[in-house]
Each structure stands twice: as structure tokens, then as C-alpha cells.
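Subject: A structure for you to look at

Hello,

Here is the structure I promised to pass on. Please have a look at it first, and then read my notes below.

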Amino acid sequence: MLVFLLRRLMQSGVVLLVMSLLVFVGVYAIGNPVELLINPEADQADIERTMAALGLDKPLWMQYLIFLRQALAGDFGTSFVHGTSAMQLILHRMPATLELAVAALLIAVVLGIPLGLWAGLRPDSPSARAIMGLSILGFSLPTFWVGLMLIMLFSVQLGWLPSNGRGASTEILGFPASFLTWDGLQHILMPALNLALFKISLVIRLTRAGTQEALLQDYVRFARAKGLRSARIVGVHVLKNILIPIVTVIGLEFGSLIAFAVVTESVFAWPGMGKLLIESINLLDRPVVVAYLLTVVSLFVMINLVVDILYSLLDPRIRLQAQAG
Amino acid sequence: MSMQQPILDVRNLQTHFVTSKGVAKAVDDVSFSLQAGEILGLVGESGCGKSMTGFSILGLVDAPGRIVGGQLIFKGQDLLGMEAEHLRRVRGNQIAMIFQDPMMTLNPVLRIDTQMIETVQAHQQISRAAAYDRALEVLGDVGIASPAERLRSYPHQFSGGMRQRVAIAIALLNRPDLIIADEPTTALDVTIQSQILSLVQTLCRERQTSLIWITHDLSVVAGLADRVAVMYAGKIVESGTVESTLKHPLHPYTQGLLGAIPALHERGRPLHLIPGNTPSLVNLPAGCAFSDRCPQVHAACAVNPAVVEVDDAGAPHSVRCWLIKSQMDGAAP
């Protein structure tokens, strides 16, 4: 287990290094941020002074090495725009994004698994067909458009829910959280639903396929031959088997939820990391972009690790191999 | 024995599969009855409907299959007319089933204790601890060493033979009156097979449990069963006591099956075989389904033969074949 963890850590170290290099070069290639930051009427001397202050006058390879040395010491640079530590900017915004992603994941699981089970148990019923039809819509409609439609319906037409922002939040363990207040819940509902839409469809399809496959297995027929009630057969024998692939995919998709949050956060003006990223890209604020991507990649690595552990908890066959190996 | 009320009476059972290619009559007009404590061997090739007969009795036929006719009288009640909840209380309680592949029948992600306790609690209002004790006891009965430890294991920690013992233990949990065993030894080694056979035989004899043993292996039936029924293309073509049926087979198909068993004194000579393949159930020959493979086919076989009762030195024996019918008619006058 320790060897496994160490190997994972080394792999992710390499990934982080390569990724930072790519982003560094990429953002450099787009243009010079000073042209966006400084007063257009500034003279050449002013521009050069600003570039020297930001370290942009040095050759790219030297800039990168300076960044690496500082990053190893825990300093990911200072935002060109905000003048504060890039990593602090991101960590400040991270709880909002994580809250949104977790809420979306919960919605996807709570709606997706029962709907998928239902569709898998009665594949020919009209309700199952309706569920599958809607899941195709969930897959194919663009997130930003659905977001706008949600705002049109629930904020503009009906006036039930606020269209943007995060609402009141309370502190939990030092982090702001909005799901404990009514105002916060109202604010998070629409963005979370919007973000969850694609995942709901995914979970429905996975659950349905898994259910249909499991129902054909001998162990389900044996469970019926034992005279078990159908609730137990579906709720224990079928569900526990299909949870294995579902947990894997959902876990991996949690990373993409954080990534996709960029769109949803922009539509609903949700003050998370994604919105910060878009703003930073627009202003070529390289330290923030690099720090954001490093954070997201680290999150991905951590999520993968958690998924592996969960997986072994669900499947006894894997647990045994891990003990032996 | 025949004076008693039979524990199970199957009358003209018909299970059909409606597919796009036509109607497959997997079980077509099957009748037999079983006394308490009696062991019936149900024999036939793959796809002859023997397993489907077993599933039909338990009401476990999956769509597109459907029981379209007949009666299943179990201890005086008709299983076919039963409500789903009533039938559930019979399944696994009064009638238990053992499946063919022990690797597939136990749920891979649930511990053995979970799978056994739930079977007891599905039928009896008893505590988990009492159900656990019962599981422990039965696991010991089927010859599993240190059952308490094994109860905490997962199926993949058992060998095939051990898994089948667990499946048998699960079948025995609620002391059923009837066990349907669907080729439970086919997937196992010959040595394990004989262990399982003698185990089941002993347990059934001790408890007066009736047993339907579905198999393609006539030698298994010879050692285990009291009576045998040979199935071909959804129909029972011959049935009688093991003694009478295996010593004096009347139907050309039964004769072919017995002839196909390689014997030591025939070493080096070509093996006997029944020509042709098991027919597709959607596309059976008209009349006797065996007619296109039968070495003694004649004009009468174009019409479906009726069941003929033969008396083999006092042992009841019945067969569906025109040859026997004409022999009997010829002998009678």
C-alpha cells in the first residue's frame, strides 16, 4: 500500500511539472499581459519598468526556472492583476467551487441512481423510455444554454430563485458554506442542478446498463429462488454489484465537475475558482492560471486515490489482492 | 408408495418462448409426479427443456418465456394460480433450487453469512442470531470445516466444490420438501462430483426430501435416482424406474443415449453416436421430434406419438414412440 502511494505521488509530481511547463509556455505565447494591465498612454520607459517589476523582462526559460524555485518553496507567484499571492486567491475561491461540485454530485447520485434502477428494471415501460429520452437531452444540451434557460424560467418568469451570486454563507471549520442558510440554498440550487445535468444522465445510463446486466446474472435468479423479496434483491444484490462501476465513474467525474464548473460559474456569476480562471485568462494573469491548473491537477490526483480506496472497499475480490500484494 | 398423495404433480406443463423467429416450445406437455422422499432424474441433452422444466416449477421463467398451460400441484395447491407473494413464500422455503454453475450463483460482493441469513429471514420471523445459528448448523451438515470462519468469507475465497456445498446448504436452510437440482455437478471435477452426489443423496434420504436431479449424465442418474424421465425437444419421451428404464430402454433416443456412453470393453472401436444435432425448438420436425435422427423412423412417425404405458415386470414405464405402440398392438390381439 505504501509503495503504491509513493508511486502515485511520484507520478503526480511528474504530471504537475510537465503541466506547469506547458501552461507557462502557452500563456506566454498568447501575448504580453503588460499591454492589458498598463495605462494605454504610458510611455516605453513605463512599460519596461512594469515588465521588470513583474519579472517579464527576463527570457522565458529563466522566468520558468525562477517560478519553479519559488514554487518548490511554496510560493506560486503573485497575481499580475490583484497583486496578491496567486495561490491564496485560488484557495479563497475554492470552497465555493467545491461546494457547488459536491452539491451537483449529490443531485446526480440522488436522482440518477433511482431513475436508472427504475429504467433498468422496467426497460419497456413508458416511464423508462421517458427517463432515457430525457437523459439524452441531458447529455446533448449545452450547459450554458440550459443555465440561461433555467434563469429565464425560475428567475425572470417565475421569480422563484435568484439568478446569480452565492447568497449568505456560514462558517464551518473555517470555510464559508452556503447550504446551511435558506438564502444560500436558494442560490446554490440552480447552478448545482445545471452543473449536475450531464452527470445525472451519465449516472442514469450507467445504473440502467448495470441493472440490466445484473438481472441476467445467475446470482439474481438464485436470490429469487431463495424466495427473497424483490426489494432486497434489487436493493442489496443488484445495487451492491452495480455500485462498483458507478462509484469509479462518479469519482473520476468529480474532477470534471470542478473543471466544468467554469461554464456554470460564469453563467450564474458563482464566485468560484472557475470564474476566477476565466477572468485571469482574459487578463493573461499567468501566475493565477498556472496556480489554478496545478490545484486542479492535484485535486484530480487526490480524487483518483480516493476512488481506488473506495473501489477496494466495495469489491472484496480487489481487497484481497491488495492484501496479498 | 403410489397410494400416497404425491408431493408434486406436474400435469401437461407447457412453457413457451415467443421470439421473432417463432414460438419455441421449451417445455411441451410435460407430466410427472413425485412422492415424498423420491428422487427423480430428469435427463436430456442441452436445450431439451429440462432446466426450463425446473425453472417453471419455481415460477422463475424469464421473459420472453411464459408458462402457457398445464398445472403444477405442490402439496395440494396449484403453484400456477398462486399470487406472487404466496409463491415467494414457497420458493426457497418449501421448494429450493440448486443451480448449475457454483461460480455464478453466489453473489460475489456479499459475505456467505449475509447470503444465508437473508434466506432464513425471508421465510421465518426469527432474530439474526438464530438465523446465524441455523446457517452454522447447515454449513456443518454439508461438510464444511470450521463453518464459523467460513461464514465470514466471500464466495471467491471458496473452491468450486465448496461453493456448491454452500449453495446446497442454502437450499437446505429452511428444510424444504422438494429440492430441484439443475446439473449441480456438471461444472465440477469427477471426484468432487461424487462427493456432492453422495452428500445430496444422504441428506435427502435422511430428511425425506424429494429431489429432482436435472442432468445430461445417465451414469449420475443410475447411481442416485429412483425414477428417471428422459426429455427430448421439450417432451418426456420415456420414463420409469431407473432399473427398468436403463436396463430395458424402449425409446430409440434413450437407447442412443445409453449406447453413446463409452465402455471399456469397446476400446478402440468407433464410438456410438446419435446422428444429427438437437433440433431447434422453433423448427421441429412434424410429428415425432426425434424422427429425423431416429434409426428406426417409419411412416407412422409423421404424426406425434401418444404416451404408451408399458408394464415391465410390475414396474411402471411409459414411452412416447410408435414402435412400442405397434409392438403392443401387435402383441395384444
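Is K199(A) buried or exposed? With a relative accessibility of 5%, K199(A) counts as buried (buried is under 20% relative accessible area, exposed is over 50%, and partly exposed lies in between, with a 1.4 Å probe and protein chains only).

Before I go on, a word on how to read this: the model is predicted, so local features need pLDDT of at least 70 and side-chain atom pairs count only at pLDDT 80 or more, while totals for chains, interfaces and linings use all residues. Residues are numbered from 1 along each chain as its sequence is written, chains are lettered from A and ligands numbered from 1 in the order in which they are written, and side-chain values use heavy atoms, leaving out hydrogens and water.

**Salt bridges**

Over all chains, the count comes to 22 salt bridges (a side-chain nitrogen of Lys or Arg within 4 Å of a carboxyl oxygen of Asp or Glu). K199(A) is in one of them, with E253(A), and the closest N and O atoms are 2.2 Å apart. K199(A) lies in helix 8 (residues 182–215) of chain A and E253(A) in helix 10 (residues 230–267) of chain A, so this pair ties together parts that are 54 residues apart in sequence (helices, H or I with at least four residues, and strands, E with at least two, are DSSP runs numbered from the N terminus). E253(A) is partly exposed, at 22%.

In chain B, D29(B) and R320(B) form a salt bridge at 3.4 Å, N to O. D29(B) sits in strand 2 (residues 22–34) of chain B and R320(B) in the loop between strand 12 and helix 12 (322–331) of chain B, so parts 291 residues apart in sequence are tied together. R320(B) is buried at 9% relative accessibility, whereas D29(B) is partly exposed at 25%.

**Two domains in chain B**

Chain B is assigned domain 1 (8–94 + 175–263) and domain 2 (108–173); the bounds come from an automatic or database domain assignment. Taken over C-alpha atoms, the centres of these domains of chain B are 25 Å apart. Between them, 17 residues of domain 1 of chain B are in contact with 14 residues of domain 2 of chain B (contact means heavy atoms within 4.5 Å). The rule finds 1 salt bridge across this interface. D141(B) and R207(B) also meet through their side chains in a salt bridge, at 3.2 Å, N to O.

Best wishes
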